[in-house]
Amino acid sequence: MKLLIDFFPIFLFFAAFKIWGIYIATAVAIAATVVQIGYLHYKHGKVEPMQWLSLGVIVLFGGATLLSHSDTFIKWKPTVLYWLMGGALLVGQLFFRKNLLKSLMGAQMDLPESAWRTMNWSWTGFFAVMGVLNLWVAYNFDTDTWVTFKLFGGMGLMLVFVLAQALYLSRYMKDTDDTKGPQA
């Protein structure tokens with residue numbers, strides 16, 4: 001359910017683009033993100049900082065797209081978001097000696113420091129590459145291709161990366177099966 005809520009604005013942006021074009025789709029994405037944040041605040045009483053950041057970026061870049069009638073701004077939005085997320089991980093690690101992934105996920109996973117460091121650097125690199133890839137698609141293909149890449153390419157690459165992370169982390173996961181063998 002959380003995944004559906006997280007991707008709600010992207011799905012609506014895609015559908016609205018296919019029906020009405022980039023400017024209506026941009027307005028729909030802004031409205032959908034506002035609704036998403038409102039729902040999360042109502043349902044959970046709080047909204048994660050990354051979700052607030054996402055709202056700010058879509059309002060800023062989406063608003064610039066609508067005001068200027070230039071799709072350049074909305075095409076930059078994913079890159080800015082990727083680079084802000086990767087930059088936060090990088091700054092946390094280099095300047096504050098704090099692994100933000102461990103801070104966010106440490107309660108769910110017990111990993112050695114080396115694994116947390118590897119995860120932090122791999123996510124930092126992934127976000128950097130995704131930002132560059134988004135710009136490459138945005139500037140080398142038409143808007144329709146970019147929108148399709150944003151939904152399917154971006155989500156597909158994220159899924160592949162998360163699966164690769166899961167495979168890497170599987171070596172550190174403890175078996176929680178308490179059985180001692182076949183039951184008689």
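## Salt bridges

The count of salt bridges comes to 4, where a salt bridge is a side-chain nitrogen of Lys or Arg within 4 Å of a carboxyl oxygen of Asp or Glu. One of them joins the side chains of Asp-144 and Lys-18, with 2.5 Å from N to O. This pair links distant parts of the chain, since Asp-144 lies in helix α7 and Lys-18 in helix α1, 126 residues apart.

The structure is a predicted model, in which local features need pLDDT of at least 70 and side-chain atom pairs count only at pLDDT 80 or more, while totals for chains, interfaces and linings use all residues. Residues are numbered from 1 along each chain as its sequence is written, and side-chain values use heavy atoms, with hydrogens and water left out.

## Overall architecture

The protein chain has 7 helices and 0 strands; helices (H or I, at least four residues) and strands (E, at least two) are DSSP runs, numbered from the N terminus. From that end, the order of elements is α-α-α-α-α-α-α. The C-alpha trace spans about 65 × 40 × 35 Å along its principal axes.

The domain assignment divides the protein chain into domain 1 (1–68) and domain 2 (71–178), with bounds that come from an automatic or database assignment. Taken over C-alpha atoms, the centres of domain 1 and domain 2 are 19 Å apart.

## The interface between the domains

Contact, meaning heavy atoms within 4.5 Å, involves 20 residues of domain 1 and 18 residues of domain 2. The area buried between domain 1 and domain 2 is about 1,800 Å², and carbon and sulfur atoms give 85% of this area. Buried area is the accessible area (1.4 Å probe) that two parts lose on being put together, summed over both. In domain 1, the residues that lose the most area to domain 2 are Phe-13, Phe-14 and Phe-61, together 28% of what that side buries.

Across this interface the rule finds 1 salt bridge. On the side of domain 1 that touches domain 2, α1 (2–20), α2 (22–44) and α3 (49–68) each supply at least two residues. The largest share, 10 residues, comes from α3.

## Aromatic pairs

In the whole structure, a search finds 12 aromatic pairs. Rings of Phe, Tyr and Trp (its six-membered ring) pair if their centres lie within 6.5 Å; planes under 30 degrees apart count as stacked, over 60 as edge-to-face and the rest as tilted. Phe-14 and Phe-152 form an edge-to-face pair, because their ring centres are 5.4 Å apart and their planes stand at 85°. Here too, distant parts of the chain are linked: Phe-14 is in helix α1 and Phe-152 in helix α7 (residues 143–170), 138 residues apart.
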